[in-house]
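User: Please examine the model shown here and answer a series of questions about its architecture and its contacts.

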Amino acid sequence: MLARYLTLQNIRRVYAVFFFCLFLLLINITDFRNMKGYEISLFLEIDPLISIATFLTSWTVYKGLVLSLIIVISTLLLGRFFCSWICPLGILNQWVSHLFNKRRPVDDYHVNAYRTVYRLKYYILALLLVLGLFGSLQIGLLDPISFVMRSFILSIFPAVHYWSGGLYLKQPLFYGGILIAIIFLMILFANRFITRFWCRVICPLGALLGVFSAVSILRIRRDVVKCTDCQKCLQFCHGACDPHTSLRISECTVCMNCIESCPEEAIHYGLARKESSVQTPLDINRRRLIETAVAGVILFPIMRSVVNAQTLPQHRAIRPPGSIVETDFLRRCIKCGECMRVCPTNVIQPALLEAGFEGLWTPILLNKIGYCEFNCVLCSQVCPTGAIVPLTIEKKVGKKPYENPVKVGTAFYDRGRCLPWAMNIDCIVCEEVCPTSPKAIWFETVEIQPREGRKRLLKRPLLDPKLCVGCGICENKCPVHDRPAVRVTSVGETRSQTNQMILNP
Amino acid sequence: MEKEALKNVRTRYERVTLMASKHKRTEPMLNRRQFLLKTAVTCGITAGAGVWGYIFYSRDPVRRRTERILTFKNFRVDDSAEYPSMVIVRGKSVEQMTHAAVEELGGMSRFISPGNTVLIKPNVGWDRQPEQAANTNPELVAAVVKECRAAGAARVWVTDVSINDPYRSFARSGIESAVKQAGGTIRFTTEKDFVLTDLKGQILQVWPVSRFYHEADKVINLPVVKHHSLSRCTIAMKNWYGILGGRRNRLHQEINTSIADLAAAVRPTLTITDATRVLVRNGPTGGNLSDVSIENTIIAGLDEVALDAYSIQFLGLQVDDVPFIAIGQQRGLGTTDWESLNYEELSL
């Protein structure tokens, strides 16, 4: 009885469900109350594309990213199994494809046949790696784990909270979150036209693992004597890897479905036997590959000849505390959104063009939505690539043995909008909430003559730039809250040598 | 001649109809009954559209909201000649001090009936540790939770609308774990937990207020004595800022009237002021231990105005420095002359 259900397909399904649930669970516990030192960035850390691309941009394999060796080594031995067994996006795409499936075997053969467009992913990979070699990390746009992480954190989880509640105290808001959601839903919908569209056509990680699997020892093998060319192996094929002819090893995601689809038991997984069919190596055109690399050579200087936060300081590119200097930041940030998930005040937001095109969806602080909690270092602890280096509270607030606090920017008063300055109205909420000790915001008491009535005393806020850490709580709590009368800009940030205004801070 | 011509035409026409179109499915002919039925349906829908337009016709672009606006119930118990109105306890053990203070006032059973839902409102505004004295002492909160439990309260809730992240504020102030151990429940106020409430104040009318105040039978105020630049101090009366949602930072513009309005709106069953550690500078956030003065005192009583009038001495203030206390007296919330009350001083 049990043996009837213990098929390879069911075993793989169990793994798929397990890893997908693990993925959701790890996002779910990425918050102040549940983190407790779990390896919450696990999926990002085992992703070899992230570790290789960040290695190319900065010649280091950062901490947890060394875990990706598990996937590299196992892929070299077992083939591209990651895509069908572990990858949350691959698993999701497979489920969605099944949902959109017409459920006629004749269509299955059609949708699971190889198409030449499936080569595109190798060219995408080549382009991204060439850009990485020059020092521009754009892998985060298309790396499947970053992609699915970002989509869940910035669109799916907030949407689930909207209907059910309980995930957050306040409905999280994300700047341009709908854009990320639309792209994600479009990728899911693309499965309607090409099964596993993302995995077969776009995925640069799939391409990378495909390249690795080209040397794998254990493979799907077809016995040419037993095979009757019925093509039933195509019906449930995940990779569109032609198991019925000469298997395209780099496309095969080792889903094992063909083994159980075969009525002749002609397919097995393992070493080659005497009657095993030949296999097709990596199907890419060398000329296209070189053209792609050349495209990278041309694209890179174009990307660097623009105004962005690394060529000129951008006042809105306020990075989370602990971020490294902008040039290096862009070499490390994979836009995964982990910092945006963990931030208790929702201040960390995906940038659109605030930091330039290269900084798309990298974290910036929008103090209108939240503010940087003074005693909080969560974002620095979850960053898987070290774009934000881990801080301790002592280091962040500048307690002993550290001398200076970590500044993310400086606040400036807009005296034309500030109630005490512009309209002689009592306020100084900014002074109340200022978290430094002594407070960076202080006030002068002046005697004012109101339009009517007697003279009275009024407190007008002032800012001490030496004490201000740029946390933005003053901007966030300012009663003039459509365009606050005190606003933080990035100047004075600790991480930058150049984005400074005061000679001797 | 004419007839002939007509006949020809007809024949030609018939010939044409015989050469049927490729798409030759024709509409079925209606009989009288079907025609009447179809007409009736069309007229019915038309009439329906007219009626819909008539019913929903409005001169306003949106319908007026009819949200329920609540008012606070009276949480107070009557003053009693038997017991003092204010108790000042000095000592080291907060739990013993709390117990002594409550016993002196007649025991918690004077304030709480068995089966009551008790809401405790400490000051948990900030993501700070207990030693930094920006929040109420967690030992005091835990001791009061235990007293309520012992008096037979069915549910003891602890809540505040923190200024920093609530999860962090409750955890790092030590109040969350202390309350859980003592048998109480932390009620975090989420976005959906605010209900419009009429505060009936001079400048504060309808504001979003944490719904727990409408669900509780008794309310206990547990403020902490702190410095505040604009109002000079934040103690018991100002602690009621923490019931409000919305953009409450506008209240600074008329801070003294706002504080009095809030204190008049929420009249707690009992107030126990925490002056074990007093933040004398850099309030209300603090953050530096050198700004904290250790006073080892708690003050319990029924009159918030008197409690505030007493507690300002820890900050070196006089009643005249703090206008809202006098406004409180004018509104009949209590007396600024705490020495005129029947008070007790204890040292443990």
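This is a predicted model: local features need pLDDT of at least 70, side-chain atom pairs count only at pLDDT 80 or more; totals for chains, interfaces and linings use all residues.

User: Which residue ranges does the domain assignment give for chain A?
Analyst: The domain assignment of chain A gives domain 1, domain 2 and domain 3. In that order, their bounds are 2–270, 326–397 and 410–489.

User: What is the area buried between domain 1 of chain A and domain 2 of chain A?
Analyst: The centres of these two domains, taken over C-alpha atoms, are separated by 27 Å. Contact between them involves 38 residues of domain 1 of chain A and 31 residues of domain 2 of chain A. On the side of domain 1, A:Tyr62, A:Leu137 and A:Tyr175 lose the most area to domain 2, together 21% of what that side buries. Carbon and sulfur atoms give 61% of the total buried area, which is about 3,200 Å².

User: How many residue pairs are in polar contact between domain 1 of chain A and domain 2 of chain A?
Analyst: Salt bridges between domain 1 and domain 2 of chain A number 0. For polar contacts, with both residues at pLDDT 80 or more, the count of residue pairs is 15.

User: Which three residues of chain A supply 24% of the area that chain A buries against chain B?
Analyst: The contact between the chains takes 40 residues from chain A and 35 residues from chain B. About 3,000 Å² is buried between chain A and chain B, with 49% of that area given by carbon and sulfur atoms. The three residues that supply 24% of the chain A side, more than any other three, are A:Arg33, A:Leu169 and A:Glu432.

User: Which residue of chain B meets A:Arg33 in a salt bridge?
Analyst: Across the interface of chain A and chain B there are 2 salt bridges, alongside 24 residue pairs in polar contact, both residues being at pLDDT 80 or more. In the salt bridge of A:Arg33, the N to O distance is 3.2 Å, and the partner is B:Glu176.

User: Which domains of chain A each give at least three residues to the lining of the second largest pocket?
Analyst: The second largest pocket holds about 970 Å³ of space. Its lining comprises 44 residues, with A:Asn404, A:Pro405, A:Val406, A:Lys407 and A:Val469 nearest the centre of the pocket. By residue class, that lining divides into 19 nonpolar, 16 polar and 9 charged. The domains of chain A that each contribute at least three residues to the lining are domain 2 (326–397) and domain 3 (410–489).

Methods:
Residues are numbered from 1 along each chain as its sequence is written. Chains are lettered from A and ligands numbered from 1 in the order in which they are written. Side-chain values use heavy atoms; hydrogens and water are left out. On a 1 Å grid over the protein atoms alone, a cavity is a set of points where a 1.4 Å probe fits but cannot get out, and a pocket is an open set with protein on both sides within 12 Å along at least five of seven lines; lining residues have an atom within 4 Å of a point. Grid points are joined across faces, edges and corners, and a volume is the space filled by probe spheres set on the points. Ala, Val, Leu, Ile, Met, Phe, Trp, Tyr, Cys and Pro count as nonpolar, Asp, Glu, Lys and Arg as charged, and the others, Gly among them, as polar. Domain bounds come from an automatic or database domain assignment. Contact means heavy atoms within 4.5 Å. Buried area is the accessible area (1.4 Å probe) that two parts lose on being put together, summed over both. A salt bridge is a side-chain nitrogen of Lys or Arg within 4 Å of a carboxyl oxygen of Asp or Glu. A polar contact is a pair of N or O atoms within 3.5 Å; within protein, one must be able to donate a hydrogen and the other to accept it, and residues adjacent in sequence count only if both atoms are side-chain atoms.
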